[in-house]
Amino acid sequence: MYKTLTLRRPDDWHLHLRDGEMLQTVAPHSAAFGRAIIMPNLVPPVVTSEQARAYRERILAALPEGAALQPLMTLYLTETTDPADVVAAHRDGIIAAVKLYPAGATTNSASGVTDFDRVRPVFEAMAEAGVPLCVHGEVTDPEVDIFDREAVFIDRVLDPIRRATLGLRVVMEHITTAEGVDYVRDHAAGGAMGGTITTHHLVINRNAILAGGIRPHYYCLPVAKRERHRLALRTAATSGQGPFFLGTDSAPHPDRAKLQPCGCAGCFTAPNTVSILAQVFEQDGALDQLEAFTSLNGPAFYRLPPNEDRIRLSRHQTPVTFPQEIAAGDETVTVFDPGFPLFWHTEPA
Ligand SMILES: NC(=O)N[C@@H](CC(=O)O)C(=O)O
Ligand SMILES: [Zn+2]
Ligand SMILES: [Zn+2]
């Protein structure tokens, strides 16, 4: 049994840092990651390279001295995005990817895409220039059951886009279904596809949200599915296979906004993600695959070198505790509770 574990510094390939006071509060909790793909769903969204550059500066200013984190910026795709701007921003190193939100699919997605044909020229230019497309993969058709929206998206939207745009490199973000796992695995050859998996979707199924009472802090999008889907995600993540990598989707919201008759979606996992992942991989006898998931597969997809420096985890005798909530000005933000004790702790460098 392992007592300590040394890993190349993990990266987070899907992270919400927000802005303003919330950014100041949450950025330090992601400071020990190496790189993070920063989601652009601010209000208003990050749609131009100038906005991405300015947002990056605000993030760097919110990080503590000595933070490892390098923010990798994304642009929020709209029906008026100019293909030439995207290509130039990527060429100049301002953005690492473009993010597709189907309009209405999730938090702050109102400016997203309704008619996918209208953004075809952007996809074509991205394919040509090798710019990855990060996708929130859910249909918004109200006729489609919320638990089926990811699987239906693959058939109705994602597969047709990929067939029509040869060479487009796609990350299916926060996959939550066996169908998502299979689709990513079956189309990953040559780096054509990757899939991020969140910490919380490895831990909870839909019962956590609904059985025995409604638990808003477990509500996120895509919503957690049946147990068999969680197990498919666990198998994918702990396999160490190339196309699957960590994207925490740590998505802080003030408790005031989550604890409502109509509460918003998102789990805040940044503070305890690495401890939870070590526990999960240990439970599955797969600690030897943790580094592939957190630190190797993501950079390989994004065609970046893995981080050179390391973090050290040690397994404590008694559980390590994390704050249940953190203060953000007058608000509180609840930290994701995995529902089991955590023994792995990141040692200070
Ligand atoms: N995952 C979530 O439930 N929420 C995210 C948006 C997203 O990633 O879909 C957010 O920005 O709050
Ligand atoms: Zn999303
Ligand atoms: Zn997200």
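Predicted model: local features only at pLDDT ≥ 70, side-chain atom pairs only at ≥ 80, totals over all residues.

Let's start with what the record gives us. The unreviewed UniProt entry carries a "binding site" annotation that covers Lys99, His136 and His174. Why do I treat them as one spot? They span 76 residues in sequence, yet no two of their C-alpha atoms are more than 12.8 Å apart, so they gather in one place.

Now the two histidines, one at a time. His136 sits in the loop between β6, residues 133-135, and α5, residues 149-164. Is His136 buried or exposed? The cut-off for buried is 20 or more other C-beta atoms within 10 Å, and His136 has 24 of them, so it is buried. Setting aside its neighbours within four places in sequence, His136 is in contact with Leu100, Tyr101, Pro102, Ala105, Thr106 and Glu173.

His174 is in the loop between β7, residues 170-172, and α6, residues 178-186. His174 counts as buried too, because it has 27 C-beta neighbours inside 10 Å. If you again leave out neighbours within four places in sequence, the contacts of His174 include His14, Thr196, Thr198 and His201. Pro222, Gly247 and Asp249 are also in contact with His174.

Next, the ligand. Which residues surround ligand 1? The shell is His16, Asn41, Thr106, Thr107, His136, Cys220, Leu221, Asp249, Ala251, Ala265 and Gly266. You'll spot His136 there, which is one of the annotated residues. Asp249 is in the shell as well, and Asp249 is also a contact of His174. By class, we have 4 nonpolar, 6 polar and 1 charged residues around ligand 1.

On to the sheets. There is an open sheet of 8 strands with parallel pairing, and the order is β2-β3-β4-β5-β6-β7-β8-β9. At the edges are β2, residues 12-15, and β9, residues 244-246, each pairing on one side only. From one strand to the next, the twist averages 30°.

A couple of details within that sheet. β2 and β3 run parallel and are joined by 2 bridges, with Leu15 standing opposite Ile38 in β3. As a general point, side chains in a regular strand alternate between the two faces of the sheet. In β3, residues 35-38, Arg35 and Ile37 point one way while Ala36 and Ile38 point the other, and all of them are buried. Further along, β4, residues 70-76, pairs with β5, residues 97-100, in the parallel sense over 3 bridges. Here Tyr76 stands opposite Lys99 in β5, and Lys99 takes us back to that annotated site.

Now some helices around this sheet. α6 lies across β7 and β8, running at about 145° to β8, residues 193-197. α12 packs on the sheet as well, touching β2, β8 and β9, and its direction makes about 115° with that of β9. How do α5 and α6 meet? Their axes come within 8 Å and cross at roughly 35°. On the α5 side we have Glu150, Ala151 and Ile154, which meet Glu179, Gly180 and Tyr183 in α6. That contact divides into 3 nonpolar, 1 polar and 2 charged residues.

There's also an open sheet of 3 strands, in the order β1-β10-β13, and the pairing there is antiparallel. β1 and β13 are the edge strands, each pairing on one side only. The twist averages 25° from one strand to the next. β10 and β13 are joined by 3 bridges, and the bridge partner of Leu313 in β13 is Thr346.

Last stop, α11. This helix lies across β1, β10 and β13, running at about 140° to β13. Among the buried ones are Val274, Ile276, Leu277, Val280 and Phe281. Those buried residues pack against the strands β1, β10 and β13, and also against the helices α7, α9 and α12. Just after α11, Gly285 takes a positive phi of about 60°.

That's my tour, and I'm happy to go back to any part of it.

Terms used:
Residues numbered from 1 in each chain as written. Chains lettered and ligands numbered in written order. UniProt positions renumbered as here; feature names shortened; annotations may be inferred. Helix = DSSP H or I, 4+ residues; strand = E, 2+ residues; numbered from the N terminus. Buried ≥ 20, exposed ≤ 12 C-beta atoms within 10 Å, placed from the backbone. Contact = placed C-beta atoms within 7 Å. Near = placed C-beta within 6 Å. Nonpolar A, V, L, I, M, F, W, Y, C, P; charged D, E, K, R; others polar. Axes fitted to C-alpha atoms, helices over the stretch in contact; angles between N-to-C directions. Pairing = 2+ DSSP bridges.
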